[in-house]
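Me: I would like to learn how to read aromatic pairs and packed helices in a protein model. Could you take me through them slowly?

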Amino acid sequence: MKSKRLAAGLLAASLSLSLALPASGARAPSASEAAQVVNILGIMKGDAQGNMNLSAQVTRAEFVTMALKATAGGEQIGQAATSPYPDVPRSHWASGYVEAGVAAGLVSGYSDGTFRPGSPVTLAEAATIALKLLGYTEFSGAYPTGQLALYHSLRLDQGVSVTAPSAPMRRQDAMYLFYNLLTAKTQGGTLYLTALGYQPNAAGEVDLLNLLNDGMDGPIAAQGNWRDSIPFEVTRATVYRKGASAKLSDIQTNDVIYWNADMKTLWIYDDKVTGAIQALSPSTASPTSVTVAGRTCTIGTSDAAYALSDLGQYGIGDTVTLLLGRDGTVAAVSGSTAASRSMELLGVVTAVEESPYSDGRGGAYDARTVVVLATDGQTYRYEAKGGFHPGSIVRVTVSGTTGAVSLKAVSPSYLTERVNDRGTKAGRYVFADDVEILDVSGELGVRIYPSRLGGIKLDRDNVKYYSLNRDGQIDRLILQDATGDMHQYGILEKTTSMEGGDATYYTYQFEAGGMSGSLSQTTIRYPVVKGPVQVVGSVQNPEKLCALSKLNDVRLAENQVTAGGKNHTLSDHVAVYEYRNETYYPSTLARVREGGYTLTAWYDKADLDGGRVRILVAEEKGS
């Protein structure tokens with residue numbers, strides 16, 4: 001288990017949460033997801049080839065070992081000091097786990113004084129051990145009636161195929177049982193997962209992404225004898241490249257590689273930035289970020305930091321290729337020999353400003369700079385002369401050999417088509433597999449994917465530019481506030497006004513995204529009242545506030561709400577609040593899914609116009 005786990009006692013799972021969460025996630029996990037979770041947490045491991053052998057039966061010794069490894073500090077248990085049972089001598093591989101399990105009250109031996117470590121563990125035995133991990137020690141009725149009733153009520157049975165109390169458990173059953181354990185409530189009312197130092201996602205489920213982040217090693221660049229740096233035989237590894245299943249032969253020179261030794265898995269990324277080094281911050285002696293071809297990237301490895309420092313081989317003005325990892329940080333740096341292809345970007349100018357530049361000789365100068373939000377979702381900064389202003393569409397070309405940057409203004413091109421419901425084509429035009437779509441509003445923008453546009457009508461009001469590839473497919477699309485996803489949504493808490501001369505000045509105080517903000521001393525009286533609002537612009541620098549439309553007494557489904565016989569899709573980032581005593585308190589979808597609330601939903605515009613339900617407000621029934 002990870003060292004970050006809390007130093008809680010074996011059965012202590014009584015950490016308090018500010019908000020209660022459900023007994024388990026709303027859906028049964030896939031076998032792949034459950035296997036990854038229990039593997040990453042060290043509860044269940046595969047063999048040398050990574051095979052989990054899910055069809056094999058689980059012995060009593062194996063199950064108690066898994067149970068102990070599902071506790072804080074369980075991975076540190078060694079061999080027993082003495083032989084705990086005649087059939088579990090000190091030399092037995094599980095002697096320490098059997099001894100610790102008995103001492104903790106999780107399991108016991110038989111009346112004849114044996115433990116029978118090689119006997120299959122039954123459903124009743126496994127369920128009882130899981131319940132004891134949750135802190136439940138007293139059960140109603142004769143064994144195992146009370147234990148299994150609680151096992152079912154806590155939904156520990158999701159995915160478990162065994163139903164008879166005396167039936168032996170397979171490894172797949174054990175895998176699901178331990179996965180379900182993580183998001184089950186302890187006797188103290190909290191999630192077991194939190195006792196291990198982890199937090200669930202907003203739906204109250206195991207956050208696989210965060211677990212993968214914790215269990216991932218690397219990065220290294222695919223250069224030279226890179227395979228020697230991976231602590232397992234990569235020929236048998238599961239490979240993902242750019243988020244899709246791949247083969248080992250798909251890995252290319254200068255790809256960036258991460259791995260998980262327990263899962264025998266490689267993750268491959270190929271994002272690169274080529275061009276001249278424009279800046280190293282905070283200093284060339286110890287740089288933590290580098291700007292190349294207008295893009296500023298955090299330096300993510302010590303090797304990359306050294307290569308870019310004044311002790312390394314690259315400096316300001318040199319043409320390089322930055323090899324970027326999964327989080328956009330610099331994993332490695334290659335010289336100009338790897339930088340043969342030119343880079344082309346398309347984007348929108350969001351700001352024009354004066355910025356300092358290094359002259360490469362220890363001096364600096366100020367120059368006009370355009371800030372470009374590109375269709376790849378990244379922000380770039382380039383020195384440029386006149387001709388560009390906020391809102392301009394620009395094509396940027398960076399030479400792969402010299403690093404020279406060329407900016408060219410692009411005329412708008414409009415599209416009047418409806419996107420099909422699946423978001424695969426707009427009218428007669430198919431979206432290319434690698435299509436890049438940007439939705440902008442002022443200085444803010446967000447990269448979106450075709451499925452987000454399902455059913456939306458595109459026209460001159462919401463399309464700034466589109467282009468087609470050689471196959472006649474849309475490969476670049478820039479939208480003008482078609483979705484509203486770049487805005488913030490929160491609660492207007494207070495409006496005050498003050499008379500001054502011939503005008504009235506208003507101040508609006510609000511909360512959005514967990515941050516407080518204000519729009520101060522404006523003469524504009526926005527048509528908003530206390531409660532849910534849209535914040536146009538950033539929380540720190542809002543442009544204006546807009547009212548949202550309300551849906552009363554809605555029913556909440558998986559990813560939508562229903563009101564008046566109509567369905568309205570929830571935003572992927574829907575904000576949830578509880579309303580008590582005339583005050584809004586941040587909450588979660590997981591909490592309000594438990595029931596007992598009257599729900600109202602607030603949306604910016606209809607689904608077919610690109611809108612979503614942005615805010616859910618829950619009030620306790622009868623309040």
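Reply: What follows takes ring pairs and then helix packing. This is a predicted model, in which local features need pLDDT of at least 70 and side-chain atom pairs count only at pLDDT 80 or more, while totals for chains, interfaces and linings use all residues. Residues are numbered from 1 along each chain as its sequence is written, and side-chain values use heavy atoms, with hydrogens and water left out.

Me: How many aromatic pairs are there?

Reply: A pair of aromatic rings is described by the distance of the centres and the angle of the planes. Rings of Phe, Tyr and Trp (its six-membered ring) pair if their centres lie within 6.5 Å, and planes under 30 degrees apart count as stacked, over 60 as edge-to-face and the rest as tilted. By this rule there are nine aromatic pairs. The rings of tyrosine 85 and phenylalanine 115 have centres 5.4 Å apart and planes at 40°, so this pair is tilted. Both tyrosine 85 and phenylalanine 115 are buried (under 20% relative accessible area, with a 1.4 Å probe and protein chains only).

Me: Which tyrosines form one aromatic cluster?

Reply: Tyr506, Tyr508 and Tyr526 form it.

Me: How do α2 and α3 cross?

Reply: Two packed helices are described by the angle between their axes and the distance between the axes. Helices (H or I, at least four residues) are DSSP runs, numbered from the N terminus, and axes are lines fitted to C-alpha atoms, for helices over the stretch in contact, with angles from 0 to 180 degrees between N-to-C directions. The axes of α2 and α3 come within 9 Å and cross at roughly 70°. α2 and α3 are therefore roughly perpendicular (65 to 115 degrees).

Technical notes: Buried means under 20% relative accessible area, exposed over 50%, partly exposed in between (1.4 Å probe, protein chains only). Helices (H or I, at least four residues) and strands (E, at least two) are DSSP runs, numbered from the N terminus. Angles under 35 degrees count as roughly parallel, over 145 as roughly antiparallel, 65 to 115 as roughly perpendicular and the rest as oblique.
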